[in-house]
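This report describes selected structural features of one protein chain.

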Amino acid sequence: MAALPGAARGWGRWQPCSLAAAAALAVCAFYYLGGGGETFSSATRRLRATPPAPAHRHPQRGGEVAGRDLHLLMMFTKAERSPALRAKGQAALRSLLRHGQLGGGDALHIHLVTDGASRDIGLELLRDLRGAAFRHQVIVHDVNELTEKLFPIVEAMQKHFSAGSGTYYSDSIFFLSVAMHRIMPKEITQVIQVDLDLKYKTNIRDLFDEFDNFPEGAVIGIAREMQPVYRHTFWQYRRENPQTKVGEPPPDGLPGFNSGVLLLNLEAMRQSKLYNQLLEPSMVQNLTEKYHFKGHLGDQDFFTMVGMEHPELFHVLDCTWNRQLCTWWKDHGYSDVFDQYFQCKGEVKIYHGNCNTPIPED
C-alpha cells in the first residue's frame with residue numbers, strides 16, 4: 001500500500017501549480033508515486049509508519065464541525081489496453097465530484113488499486129480532483145503486493161467462484177473485498193469499494209451514512225442482484241428444494257447480491273467470528289457442495305452464497321444505491337420473470353452500467 005509523496009500536503013482545496021515553486025511541488029507531488037526513484041515497496045513501508053487517518057468521526061472541539069475520514073476504494077488495472085475503462089473511470093469520477101458535498105470536517109481518502117502500467121493513467125484521471133471543494137487524499141496500492149497477501153486467504157475459493165485460468169475474475173485481487181479486513185491497517189475501520197462503471201447522482205457522503213444503518217451482526221452492505229443470475233446458478237439446488245427462496249425475486253426471495261457497490265465495515269469483519277470462519281477452505285467447500293454452486297463472478301458469488309446461509313451478515317442496500325442496467329438475462333431464457341428482478345422504485349442515487357450497458361445522460 002503506497003501513499004503518494006506529498007499526500008499530507010495535498011489536503012484541502014487545490015491552488016494552481018503556477019504559484020511559488022514550493023507550493024507547486026507540494027501540489028504536483030500529490031499525483032505521482034516516487035520521487036528520487038521511490039518504488040511501490042519503499043512508499044509502502046513509509047506509509048505504514050504514518051498510516052492514513054482512522055475511518056471514524058472526529059471529536060467535536062469548540063466550534064469545529066465533527067467530521068469523518070471517508071475511505072473509497074476502486075480498482076484500476078489493465079487500463080493501458082482499454083480506452084473504454086479509462087472513459088468509464090473518468091465519467092465516474094466527474095459525476096462523483098459534481099455531486100460530492102462533504103461536511104467541513106470530512107476528508108475523502110481515495111484508494112487506487114493499480115498495476116505499474118495503469119498507474120500513471122489512473123493518476124492522470126485523478127487530476128480532476130483539483131476542482132474538488134473538499135479535503136482529499138490519494139493512496140495508491142500496488143496490485144501485485146495485495147495479490148501476494150490475498151492469495152493464501154482466497155486460494156481455496158477461487159476455484160468455486162472464478163471463470164477459469166487467465167480470466168478476469170480468476171485473479172486473487174478480485175476477491176479483495178472478501179479479505180480486506182485482514183490487509184488494510186487496523187486504523188481503517190470502514191471502506192466503500194466501488195466498480196468504475198458507475199454514475200453518481202447524489203452526494204457520496206450519504207452513502208457513507210448507510211454504515212450507521214447496519215443492524216447488529218452485519219458486516220457488509222450490498223444491494224441485491226437485479227437479474228435472474230442466481231436463479232440460473234442455483235438451478236440444481238432449486239430443483240431439489242422446490243419451496244426454497246434461493247434465487248427467487250424480491251421482495252420475498254433471495255436473488256443474490258451485486259458487488260458493484262460494497263460497504264465494508266472492516267472493524268466488524270475483524271470482530272465477527274462467524275464471518276472469519278466462513279473464509280476457511282472447509283467452510284467454503286461445505287457451502288458450495290450444499291448449494292451445488294459454481295460461479296464466475298468472484299467476490300459477488302462468495303457474498304451471494306454466504307448470504308443464502310447467513311443473511312444476518314449483510315445490510316441490504318436499497319436498489320437505488322446500485323441501479324444495475326444490464327439486461328443480458330432477459331434475452332437468454334428468463335424473459336418471463338426478468339422484470340420481477342429488474343424493477344427498482346425510487347430516485348436513482350447511483351447508476352451501474354454493468355455488462356457495458358450505456359448509462360442515461362443527465
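## Strand pairing around β6

Two strands are said to pair if DSSP finds at least two bridges between them. The model discussed here is predicted. In it, β6 and β11 run antiparallel and are joined by 3 bridges.

## Strand β7 and its two partners

Strands of a sheet pair through backbone hydrogen bonds, in either the parallel or the antiparallel sense. Strand β7 (residues 220–224) has a partner of each kind: its pairing with β8 (residues 257–265) is antiparallel, over 5 bridges, whereas its pairing with β9 (residues 314–317) is parallel, over 4 bridges. Ile220 stands opposite Leu264 in β8, and Ala223 has Leu317 in β9 as its bridge partner.

Strand β7 is largely enclosed by the rest of the structure, because 4 of its 5 residues are buried.

## The second largest pocket

The second largest pocket holds about 250 Å³ of space. Two elements each give two or more residues to its lining, namely α3 (83–99) and β6 (198–200). Of the elements, α3 gives the most, with 7 residues.

In total, 17 residues line this pocket, and those nearest its centre are Ala91, Ala92, Leu198, Lys199 and Ile359.

## Salt bridges

Side chains of opposite charge can pair when their charged atoms come close. With a cut-off of 4 Å between a side-chain nitrogen of Lys or Arg and a carboxyl oxygen of Asp or Glu, the count comes to 15 salt bridges.

One of them joins Asp106 and Arg205, with an N to O distance of 2.6 Å. This pair links distant parts of the chain: Asp106 lies in the loop between α3 and β3 (107–114), Arg205 lies in helix α7 (residues 204–208), and the two are 99 residues apart.

The side chains of Asp362 and Lys199 meet in a salt bridge at 3.2 Å, N to O. Here too distant parts of the chain are linked, with Asp362 in the segment after β11 (350–352) and Lys199 in strand β6, 163 residues apart. Asp362 counts as exposed at 63% relative accessibility, whereas Lys199 counts as buried at 12%. Lys199 is also one of the residues nearest the centre of the second largest pocket.

A further salt bridge, between Arg270 and Glu267, has an N to O distance of 3.5 Å. Arg270 and Glu267 are separated by about one helical turn, because they are 3 residues apart in helix α10 (residues 266–271). Arg270 is buried, with a relative accessible area of 17%, and Glu267 is partly exposed, with 32%.

Methods. Residues are numbered from 1 along each chain as its sequence is written. This is a predicted model: local features need pLDDT of at least 70, side-chain atom pairs count only at pLDDT 80 or more; totals for chains, interfaces and linings use all residues. Side-chain values use heavy atoms; hydrogens and water are left out. On a 1 Å grid over the protein atoms alone, a cavity is a set of points where a 1.4 Å probe fits but cannot get out, and a pocket is an open set with protein on both sides within 12 Å along at least five of seven lines; lining residues have an atom within 4 Å of a point. Grid points are joined across faces, edges and corners, and a volume is the space filled by probe spheres set on the points. Buried means under 20% relative accessible area, exposed over 50%, partly exposed in between (1.4 Å probe, protein chains only).
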